[in-house]
Amino acid sequence: MQSIARFYRVSAAQFAADWRAAGLKGDPPDDIRLPARGTAGSAGYDFFSPADFTLAPGETILLPTGVRVRMDEGWVLLLMPRSSLGFKYRLQLNNTVGVIDQDYFGAKNEGHIHMKLTNDSREGKTLVVRAGEAVMQGLFVPFGITEDDEAAEKRTGGMGSTDKR
């Protein structure tokens, strides 16, 4: 295995701004837990909820994580719900699989990673999560480009900005 990335916290100001923009009540927590693997054999890095929340079937929540990631060139971070929560509650990321590009780290929003989660339970199960519990996992994956690739633009914006020129 090779080390290709490092997680960091976003600034307190960025976290607070995104916390308010998400419509969350109170102040954002100070004790953000950086993503971590649960075991030496785990491929995914668990992302932990910054707040307590409850999702009834069909409900959605947007949570800023307070986390950003620096990656070596040629790598991408893919985000998905933890397997157990997807299995038990059909917990889903609203964008199905999140893609965190290597250059997102330098975006205007500091590369702040958010998670928008929906409880899609078809069995009427309500999901209760406490602050500090793992809800999402990230997997680092190498990627390639085509031989005739000509992308030269530099990212400036945050989520959804790479197609805006």
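**Note on the predicted model: sheet, aromatic pairs and core**

1. Strand 5 (residues 75-81) and strand 10 are paired in the antiparallel sense over seven bridges, where helices (H or I, at least four residues) and strands (E, at least two) are DSSP runs numbered from the N terminus, and two strands pair if DSSP finds at least two bridges between them. Within this pairing, Met-80 has Gln-137 of strand 10 as its bridge partner.

2. This is a predicted model, in which local features need pLDDT of at least 70 and side-chain atom pairs count only at pLDDT 80 or more, whereas totals for chains, interfaces and linings use all residues. Residues are numbered from 1 along each chain as its sequence is written, and side-chain values use heavy atoms, with hydrogens and water left out.

3. The structure holds six aromatic pairs; rings of Phe, Tyr and Trp (its six-membered ring) pair if their centres lie within 6.5 Å, and planes under 30 degrees apart count as stacked, over 60 as edge-to-face and the rest as tilted. The ring centres of Phe-7 and Phe-47 are 5.6 Å apart and the planes stand at 90°, so this pair is edge-to-face. It joins distant parts of the chain, since Phe-7 is in strand 1 (residues 5-9) and Phe-47 in strand 2 (residues 45-48), 40 residues apart.

4. Phe-7 also pairs with Phe-140, with ring centres 5.8 Å apart and planes at 45°, so that pair is tilted. Because Phe-7 lies in strand 1 and Phe-140 in strand 10 (residues 134-142), the pair ties together parts that are 133 residues apart in sequence. Phe-7 counts as buried at 10% relative accessibility, and Phe-140 is buried with a relative accessible area of 15%, given that buried means under 20% relative accessible area, exposed over 50% and partly exposed in between (1.4 Å probe, protein chains only). Phe-47 is buried too, and ring pairs link Phe-7, Tyr-45, Phe-47 and Phe-140 into a cluster.

5. Two arginines are placed over rings: the charged end of Arg-33 sits over Phe-48, 3.7 Å from the ring centre, and Arg-68 lies over the face of Phe-105, at 3.7 Å from the ring centre. A charge sits over a ring if NZ of Lys or CZ of Arg is within 6 Å of the ring centre and within 35 degrees of the ring normal.

6. The largest nonpolar core has 35 residues, and those with the most contacts inside it are Phe-53, Leu-77, Ile-113 and Leu-117; such a core is a set of buried Ala, Val, Leu, Ile, Met, Phe, Trp, Tyr and Cys residues joined through side-chain atoms within 4.5 Å. Strand 4 (residues 60-71) gives the largest share of this core, five residues. Leaving out residues up to four places away in sequence, Phe-53 touches Ile-61, Leu-63, Leu-117, Leu-127, Val-128, Val-129 and Val-135, contact meaning heavy atoms within 4.5 Å.

7. In helix 1 (residues 12-21), the buried residues are Gln-14, Phe-15, Ala-16, Asp-18 and Trp-19, and what covers them includes strand 4 and strand 8. Just after helix 1, Gly-23 takes a positive phi of about 80°.
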